2 protein chains.
Amino acid sequence: MTLAETIKRPTLHQELVDRIRNLVIEDGLKPGEKVPEKELCEAFGVSRTPLREALKVLASEGFVVLQTNRGARVAEVTRQELEDTFPVIARLEQLAGELACVHLSDTDIAGIEARHKAMVSAYKAQDRPSYFKENQAIHKALIGGAKNKILEDHHKLLAARIQRARFMVNLSDERWAAAIAEHETMMEHLQSRDGDMLGQVMKVHIENKFRAFMKGLDAQS
Amino acid sequence: MTLAETIKRPTLHQELVDRIRNLVIEDGLKPGEKVPEKELCEAFGVSRTPLREALKVLASEGFVVLQTNRGARVAEVTRQELEDTFPVIARLEQLAGELACVHLSDTDIAGIEARHKAMVSAYKAQDRPSYFKENQAIHKALIGGAKNKILEDHHKLLAARIQRARFMVNLSDERWAAAIAEHETMMEHLQSRDGDMLGQVMKVHIENKFRAFMKGLDAQS
DNA sequence: AAACATAATTATGAATTCATAATTATGTCA
DNA sequence: TGACATAATTATGAATTCATAATTATGTTT
């Protein structure tokens, strides 16, 4: 795990939830690893009480698993969890696409279009980090564009949980090209504000991503 | 096997999360009301530490709202939350319907059919409590039949959150009749294991329920 | 050495304590 | 009396303490 300097926010546990969740997502704490309560207390300069409160929350979010009298461990990203999660995310994105076409302003759409162009540039330059960044920004903008807090919250939680698996397998050239093509059609439907079609393409987009991911996983083992 | 009736949960906070969540759902603690930390500690015979841990978890689940230095309040069921939640539940049920047709055994389906008959009987007898009970059991069986833990968890959480609003408006005779009709078609598609159709009907079923609910809400104010 | 018993140490769940923010009660003066 | 200041009380967030479960270290016997 990496270090972090002391903090100041509304309440300690709220800050700790975010910080430790990020540690898990960013792989600072690895799946299966024991969460070092004592070390984290020292690293963040807090007592066990708020830290343990944070761990309870993270457990309910699925990032951590509590074992009675045995502390907390970082939750594993199982194959089953991935298989269960992708279809749910796909449906949430479908709904988001439909709603985004209703709620986004022309300016918002122009902004997403700009992001899309940047993403295509990153693809042409074979710049994976920039591609991921723009890609995430686009999906986030579309989810946010749905103006549905429940949808957004649940999507964010699920996306964060499976994001930990992003390094388990890497993006193939074929999948990358296909993803770009799918995004092109998404942009077309967004421009014409065809919610049903945008939703449909976003759903399939995630399903394809899922299939490619699982294929990559199987290829490894 | 044993009928584990005295499942003493390993840790106090886990037990408290369920107990207090139930208090909120069953309206023992009303929306907007301050959560009486002291009283609950005495009532459950625990100290503040596990109880406050439980409140943090319930806050992340959306059942309570924490106010810094001002304790916890039971979250209100706002109109916006209902408007955001129903569409998400509808999509989750749609997916559940599709998956249930794949994963449920003939025996499982026969069991649901029995529940359905009991529900229809309750309708004919105008027995609302029995109707609600059977109705919930059917939906729960279909969600569970999807064999997707992520789907099940998120659906359960959302359903619990809006269930608190069930007494805000009551089931009209027209909506009740329509719901029964929708369930009839659901059963037909389940019997023929037509997942796409079952999913479609379940989605529309929830959307109709939503519309009726909102109409009832507006009629009151 | 290896296997096992047992003692020392550490980690964990939960109660208690403590400092301070928020709230309520009391007193003062117009 | 009523508005306002201030003191007493209570509630809250967080640190600390405490009892015990789990783990590690040590010793004994073969």
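The model is predicted, with local features requiring pLDDT of at least 70 and side-chain atom pairs counted only at pLDDT 80 or more, while totals for chains, interfaces and linings use all residues. Residues are numbered from 1 along each chain as its sequence is written, chains are lettered from A and ligands numbered from 1 in the order in which they are written, and side-chain values use heavy atoms, with hydrogens and water left out. DNA strand D is surrounded by 15 residues, and DNA strand C is likewise surrounded by 15 residues. Over all chains, the structure holds 42 salt bridges.

**Surface near DNA strand D**

- A residue is near a molecule or strand if one of its heavy atoms lies within 4 Å of it.
- The closest residues to DNA strand D are L12(A), S47(A), T49(A), R48(B) and R52(B).
- Of the atoms of DNA strand D that come within 4 Å of the protein, sugar and phosphate account for 70%.
- A polar contact is a pair of N or O atoms within 3.5 Å; within protein, one must be able to donate a hydrogen and the other to accept it, and residues adjacent in sequence count only if both atoms are side-chain atoms.
- S47(A) places a polar side-chain atom 2.3 Å from a phosphate oxygen of DNA strand D.
- The side chain of T49(A) has an N or O atom 2.8 Å from a base nitrogen of DNA strand D.
- The side chain of N69(A) has an N or O atom 3.2 Å from a sugar or linking oxygen of DNA strand D.
- Helices and strands are DSSP runs numbered from the N terminus (helices H or I, at least four residues; strands E, at least two).
- Helix α3 (48-61) of chain A and α3 (48-61) of chain B each supply at least two residues of the surface near DNA strand D.
- This surface near DNA strand D comprises 3 nonpolar, 7 polar and 5 charged residues, where Ala, Val, Leu, Ile, Met, Phe, Trp, Tyr, Cys and Pro count as nonpolar, Asp, Glu, Lys and Arg as charged, and the others, Gly among them, as polar.

**Surface near DNA strand C**

- The closest residues to DNA strand C are R48(A), R52(A), L12(B), S47(B) and T49(B).
- Sugar or phosphate makes up 71% of the atoms of DNA strand C within 4 Å of the protein, and the rest belong to bases.
- The side chain of R48(A) has an N or O atom 3.0 Å from a base nitrogen of DNA strand C.
- The surface near DNA strand C divides into 3 nonpolar, 7 polar and 5 charged residues.

**Salt bridges**

- A salt bridge is a side-chain nitrogen of Lys or Arg within 4 Å of a carboxyl oxygen of Asp or Glu.
- R48(B) and E37(B) form a salt bridge with an N to O distance of 2.5 Å.
- R48(B) lies in helix α3 of chain B and E37(B) in helix α2 (residues 37-44) of chain B, so this pair ties together parts that are 11 residues apart in sequence.
- E37(B) also forms a salt bridge with R52(B), at 3.3 Å from N to O.
- This second pair links helix α2 of chain B, which holds E37(B), to helix α3 of chain B, which holds R52(B), 15 residues apart.
- Buried means under 20% relative accessible area, exposed over 50%, and partly exposed in between (1.4 Å probe, protein chains only).
- E37(B) is buried at 18% relative accessibility, whereas R48(B) at 49% and R52(B) at 28% are partly exposed.
- In helix α9 (residues 195-220) of chain B, K203(B) and E207(B) lie 4 residues apart, about one turn of the helix.
- The closest N and O atoms of the salt bridge between K203(B) and E207(B) are 3.5 Å apart.
- K203(B) is buried at 14% relative accessibility, and E207(B) is partly exposed at 21%.

- Helix α4 (residues 79-103) of chain B has 25 residues and should span 36 Å at 1.5 Å a residue, which agrees with the 35 Å between its end C-alpha atoms; the expected span is 1.5 Å times one less than the number of residues.
- Because 19 of its 25 residues are buried, α4(B) is largely enclosed by the rest of the structure.
- Strands β1 (residues 64-67) and β2 (residues 71-74) of chain B pair in the antiparallel sense over 4 bridges; two strands pair if DSSP finds at least two bridges between them.
- Q67(B) has G71(B) in β2(B) as its bridge partner.
- The hairpin of β1(B) and β2(B) has 3 residues between the strands, and N69(B) takes a positive phi near 60° there.
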